Amino acid sequence: SGHRRRTAAEWEAPPAARHRRPAPRSPARPPGSRGLMAAAQRFRFREEPGPGTDGAVLEVRVPQVLHVQYGMYVWPCAVVLAQYLWFHRRSLPGKAVLEIGAGVSLPGILAAKCGAEVTLSDSSELPHCLDVCWQSCQLNELTQVQVIGLTWGHITRDLLSLPPQDIILASDVFFEPEDFESILATVYFLMQRNPQVQFWSTYQVRSADWSLEGLLFKWDMKCVHIPLESFDADKEDIAESTLPGRHTVEMLVVSAKNSS
């Protein structure tokens, strides 16, 4: 493909991202409410009681924001990804988890409540998105969660200062095809820090005209599609909400091609 594998030290943003203005530094502390939050939306994840289970229940509250930014809603993909995390919650304590394009951050908040060391991120160029991440932390009393500005395809101080991650989360970030390579370039950079990191992502099938396969090959990644029924997500309502409804959602686990 002509693509040369690069180390973290020599990595740079793909050409499409280089002409954009530098990403500003994200706020070091919560900026406080800016009047965007309309209400709190509640999701309750539960384990069915039975032999070997304790019928665990976990409630997550996230801001219900009425805003022109689509990322400020809870989309079906976020609930499916959160359900996958809930299904694997016993493996999460102590894991370093980064959610990209987090918005209201349902998956990342659930991971934090299950004991993961979570960093939430959204675009450095959209401060209100970062504010909503903070609001989600405040609603769930998660003072230890970090929030950073991270624009896909950009190498910034915040990205460079991240410790090696174990899991990267993303729900419905594969929306605009022009963003796909910048997203995978950012994931690739993090894979250089920890070759065993896994990228857990859900996307809503909207078009049969595009595929990630070519870009995954280019960036030396492999992908496994996870059947929804394998983690009890093949239904129209999850976590006592009416999402994901009748939408077609795919669950992917992406890793470096040479990882074990």
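Visitor: Which residue in β11 does histidine 225 stand opposite?
Guide: This is a predicted model, where local features need pLDDT of at least 70, side-chain atom pairs count only at pLDDT 80 or more, and totals for chains, interfaces and linings use all residues. Residues are numbered from 1 along each chain as its sequence is written, and side-chain values use heavy atoms, leaving out hydrogens and water. Strands here are DSSP runs of E, at least two residues, and helices are runs of H or I, at least four residues, numbered from the N terminus. In β11, the residue opposite histidine 225 is leucine 252.

Visitor: In what sense do β8 and β11 pair, and over how many bridges?
Guide: Strands of a sheet pair through backbone hydrogen bonds, either parallel or antiparallel. Two strands count as paired if DSSP finds at least two bridges between them. For β8 and β11 the sense is antiparallel, over 6 bridges.

Visitor: Which are the edge strands of the open sheet of 7 strands?
Guide: The sheet has mixed pairing and runs in the order β5-β4-β3-β6-β7-β11-β8. An edge strand pairs on one side only, and that picks out β5 (146-149) and β8 (221-226).

Visitor: Why is the pair of phenylalanine 45 and tryptophan 86 called tilted?
Guide: Rings of Phe, Tyr and Trp (its six-membered ring) pair if their centres lie within 6.5 Å; planes under 30 degrees apart are stacked, over 60 edge-to-face, and the rest tilted. Here the centres are 6.3 Å apart and the planes stand at 45°, so the pair is tilted. Phenylalanine 45 belongs to strand β1 (residues 37-46) and tryptophan 86 to helix α2 (residues 76-87), 41 residues apart. The whole structure holds 6 aromatic pairs, by a search.

Visitor: Is phenylalanine 45 buried or exposed?
Guide: Buried means under 20% relative accessible area, exposed over 50%, and partly exposed in between (1.4 Å probe, protein chains only). Phenylalanine 45 has 1% relative accessibility, so the word for this residue is buried.

Visitor: Which residues does leucine 110 touch?
Guide: Contact means heavy atoms within 4.5 Å. Not counting residues up to four places away in sequence, leucine 110 touches Phe45, Leu58, Val60, Ala82, Leu85 and Trp86.
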